[in-house]
Amino acid sequence: MNVQQAKQRFGIIGDNPKLNRALEVVLQVAPTEISVLVLGESGTGKETIPQVIHHNSARKHGPYIAVNCGAIPEGTIDSELFGHEKGAFTGASGSRKGYFEEADGGTIFLDEVAELPVQTQVRLLRVLETGEFIRVGSSKVQKTNVRIVAATNINMQEAIQKGKFREDLYYRLSTVPVILPPLRERNDDVHLLFRKFSADFSDKYKMPGIRLTEDAAALLKSYRWPGNIRQLKNVAEQIAVIEHERQISKEILQKYLPDSQASMLPAVVPQQQTGSDFSERDLLYKVLFDMKKDIVEMKKVIVDLVQNNEGGLKSDNKAIIQKLYDEVQDDDTEPSSFSPDVIITPHVKENYPETPPSRIDEHEEVEEQLSLAQKEKELIIKALIKYNGKRKAASKELGISERTLYRKIKEYDISE
């Protein structure tokens with residue numbers, strides 16, 4: 001089977017050189033027993049690659065099992081993968097085969113493999129090295145003959161450095177890495193994919209076909225598509241069902257592309273793959289938001305220091321305190337109403353106002369906070385879209401705890 005035949009059989013659309021190269025590698029390693037790790041952003045179609053490998057291997061008549069490791073709770077993942085014996089845990093009313101036992105003689109696809117707990121990674125490494133596993137609650141070693149194909153959208157080197165993924169397991173899984181390009185690097189394929197999806201959905205819902213105007217097609221190609229093929233397919237389905245006008249203009253298309261102006265690809269500078277769906281602008285907003293919170297906290301600490309220092313401050317600290325005020329002062333605010341003399345001698349009532357006036361213009365601060373809050377909300381929504389609503393993965397992307405993310409979702413009334 002060559003690349004074009006694989007595309008036709010598995011419905012792969014596009015002629016991008018990077019996509020073709022990935023398929024060439026896949027078809028070359030498929031007849032072997034080599035482990036393959038598929039890398040790429042969320043929504044790039046990684047789930048198709050293991051199917052191509054399986055159907056072009058000597059195991060094509062054996063079972064093929066796909067497992068989403070990120071969708072299985074940590075407490076039950078070992079039981080799901082390796083099986084369990086009766087009474088191994090509460091609710092284990094009988095023995096059960098795991099996926100590795102069921103896939104004996106075939107292929108098992110571990111999607112989102114980076115989400116596996118470290119202890120499960122140890123068990124998986126043993127299967128890769130010896131083909132042996134032990135059911136939960138058993139001491140009997142069993143053998144399985146499976147080929148493992150894994151996939152992830154996580155930067156594995158970062159995960160290894162943070163201790164979230166075993167380095168030895170990574171090298172066993174990625175004997176041959178296959179990298180799928182994001183849709184923003186496949187500009188010429190975007191319109192082809194859209195036409196295919198829109199035609200399929202028009203047939204499915206018994207609707208007339210749709211056609212893009214030239215300016216709409218140009219917008220389609222220049223958009224960044226943070227959700228990649230999955231997002232493009234979703235947009236095509238919405239337009240095919242909702243729009244009465246079957247010739248889609250740029251104005252109509254923009255309604256279905258969130259933040260379309262900010263997500264346009266640059267005309268000259270190519271985008272570099274960073275392993276994340278967040279643009280540099282989004283990350284910059286996140287950094288600025290964190291810095292703003294730190295500055296606000298610093299201001300509160302300094303004001304509290306002045307208000308609560310009834311014994312006075314040593315004159316040696318005069319320059320330090322004044323420097324702190326200067327550093328946290330906004331460019332458009334008035335100079336501090338606290339003079340160094342007042343700070344040094346707060347015990348003199350006439351020099352120490354009962355209610356120290358704030359150096360921050362309240363109206364401007366509220367506007368800044370609202371603007372930053374809106375950016376934070378946008379970042380949270382993008383993270384949830386990227387990981388299909390999985391809070392654990394989204395919280396890792398945002399650098400906050402899952403509990404904080406849950407609170408923010410409620411605070412901003414974000415629908416999941």
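Contact means heavy atoms within 4.5 Å. Helices (H or I, at least four residues) and strands (E, at least two) are DSSP runs, numbered from the N terminus. This is a predicted model: local features need pLDDT of at least 70, side-chain atom pairs count only at pLDDT 80 or more, and totals for chains, interfaces and linings use all residues. Residues are numbered from 1 along each chain as its sequence is written, and side-chain values use heavy atoms, with hydrogens and water left out.

**Helix pair**
- Leu23, Val26 and Leu27 of H2 meet Ile49, Val52 and Ile53 of H3.
- By class, this contact of H2 with H3 has six nonpolar residues, no polar and no charged ones. Here Ala, Val, Leu, Ile, Met, Phe, Trp, Tyr, Cys and Pro count as nonpolar, Asp, Glu, Lys and Arg as charged, and the others, Gly among them, as polar.
- The axes of H2 and H3 (residues 48–55) come within 8 Å and cross at roughly 35 degrees. Axes are lines fitted to C-alpha atoms, for helices over the stretch in contact, and angles run from 0 to 180 degrees between N-to-C directions.

**Sheet**
- Five strands form an open sheet with parallel pairing, in the order E2-E3-E6-E1-E7. Two strands pair if DSSP finds at least two bridges between them.
- Its edge strands are E2 (64–68) and E7 (176–179), and each pairs on one side only.
- The twist averages 20 degrees from one strand to the next.
- E1 (residues 36–39) and E7 pair in the parallel sense over four bridges.
- Leu37 stands opposite Pro177 in E7.

**Helix on sheet**
- H2 (residues 17–29) packs on the sheet and touches E1, E6 (147–152) and E7.
- The direction of H2 makes about 150 degrees with that of E7.
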